[in-house]
Amino acid sequence: MRVLFPLVTAAALWPALPAVAQPARPAAQPQITWWTDYNTARKEAQDKGLPLLIVFGTENCFYCRKLESGPLKDPALAPLLASGFVPLKLDAAKSPELAKALKVQLYPTTVLAAPDGKIHAFIEGYIETARLAEQMKRTLTAVSTTDWAARDFNEASKALAASDYPRAVTLLKGITKDAGDKPVGVKAKQLLTEVERVAAGKLAGAKQLEQLGQTAEAMDALAEAVRTYAGTQTAADAAVALADLADKPGVVQQRRLRIARDILAVARDDFRAGRLYDCMQKCEQLALAYPELPEAKDADRLLGEVKSNPERLARACEQMNDRTAAMYFALAESWSQKGQSAEAATCLKKVMALCPNTRHADLAQTELTKLQGRTAPAVPAGLVRP
C-alpha cells in the first residue's frame, strides 16, 4: 500500500470538513486553486481535514494537457475540486523523489490521498470525467466522518457525562482505531487523553496514601481506579500496583484483620436484628478462618450467647428450617419441570416433615395435592373406582 510522505508540521486538532455540494445549475463556477508545492499542499490538507488530489505530469505530455483541459475543467468536477479536495499539480521532472517513491511510471498519474497520507486511488493515464468523479466521491466518503463514528462519539460523550468511563473508553478506542486522523478520531484521542489524565490523578492519590502508611486506604483507592477507569492504561497500572501491594506480608495480615472485623460487625448486626441463624454462621466462619485473631474469640463469645439461650437457639433453628424448606421447594420445582414427579413429591414431603404445622407444611401439602392430581392415572368413562 502506497502512503504519502508525512510532514513534520502537526495538523489542527479539530478541523471541520466542508460540505460537498453540486448545484444543478450553479450561477458561477467555483474558483479552484491549484497548489504546486507538495509540502504546502499536504499541510493544507491536514489543517483542513481535506483529501489531496495530486496530478503527476510532464511538460511534453499530450494526455496530461488533455486531462487538464478536459475533466479537470469540467463543471461537474469543479465543486468537488474547489471545496472537497486540496488539488495539487506536480511536474515529475521537478519532483523526482516523490514520483519515484510512489512508483509513478505513466503520465498523467492521478493520486487521491487522505489528509494523513493514506492513498485511496492511484490512477495511471488519462481518465474520463465520470470515472474520476466516481473515484473522488469514494475518497470523500472514506475520509469524511462516517455515521457509526459520529454515533459512537455521541454515545461516548453521554457515557462520560454519566461517569461511565469503561463504556466511554471502549467506544473512544474503537473510534480512534478505525477513524484514525479523521476529525472525529482526533477528537476521540483528545477525550481518551483527558480520561487518562483524570485516572492518573486517582492513581497518584493512591500512591500517596501508601507512602503515608495508610495501606488499606491505598488498596481501596487502587481498586476503585481499576474498576472506575477500566480499559485505560492507568487502570492496568493500578491493577499491577494493587497486586504488588497485596503480596506484601504486612498487607496480607492487615487485610485478614480487616475482613475479620467486617464479618464480626455484620454478625453483631444480625444478632441485634434477631437474625440469629445468620449470626451463628458468621461466627463459625470467623472461628474457622481466622482462629488466631482476637475477632475469632469475640465471635465465639457471641455464638455462646445464642447457644446458651434456649429461646434464641430455637429461633435460630426456625430460621434454619425456613431456609431449608425454601431450598426443598426450589428443588421440587426443578424436578417437576423435568417431569420427575416422584422426586418432586419426595422434596415436598420432606418440607412437611421438617416444618409440621407451619405455613411451609400447608403450602407443601397444597403443591403435593396438585402434583398427585396431575400424575394420577385416567379412569375410563362409565367405571367407578371401588
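## Surface and burial

The chain has an accessible surface of about 22400 Å², and carbon and sulfur atoms hold 54% of that area. Accessible areas come from the Shrake-Rupley method with a 1.4 Å probe; for residues, only the protein chains shown count as cover. Of the 386 residues in the chain, 37% are buried (under 20% relative accessible area, 1.4 Å probe, protein chains only).

This is a predicted model, in which local features need pLDDT of at least 70 and side-chain atom pairs count only at pLDDT 80 or more, while totals for chains, interfaces and linings use all residues. Residues are numbered from 1 along each chain as its sequence is written, and side-chain values use heavy atoms, with hydrogens and water left out.

## Elements and contacts

There are 16 helices and 4 strands in the chain. Both are DSSP runs numbered from the N terminus: helices are H or I with at least four residues, strands are E with at least two.

Among contacts (heavy atoms within 4.5 Å) with a separation of 6 or more, 65% link residues 24 or more positions apart.

## The sheet

An open sheet of mixed pairing is built from 4 strands in the order S2-S1-S3-S4; two strands pair if DSSP finds at least two bridges between them. S2 (86-91) and S4 (119-124) are the edge strands, each with a single partner, so one side of each has no neighbour in the sheet. Neighbouring strands are turned by 15° against each other on average, direction ignored; axes are lines fitted to C-alpha atoms, for helices over the stretch in contact, and angles run from 0 to 180 degrees between N-to-C directions.

S1 (residues 52-57) and S3 (residues 109-113) run antiparallel and are joined by 5 bridges. Leu-52 has Ala-113 as its bridge partner in S3. Helix H1 (residues 38-48) packs on the sheet and touches S1 and S2, its direction making about 165° with that of S2.

Terms used:
Buried < 20%, exposed > 50% of the residue type's maximum accessible area, 1.4 Å probe, protein only.
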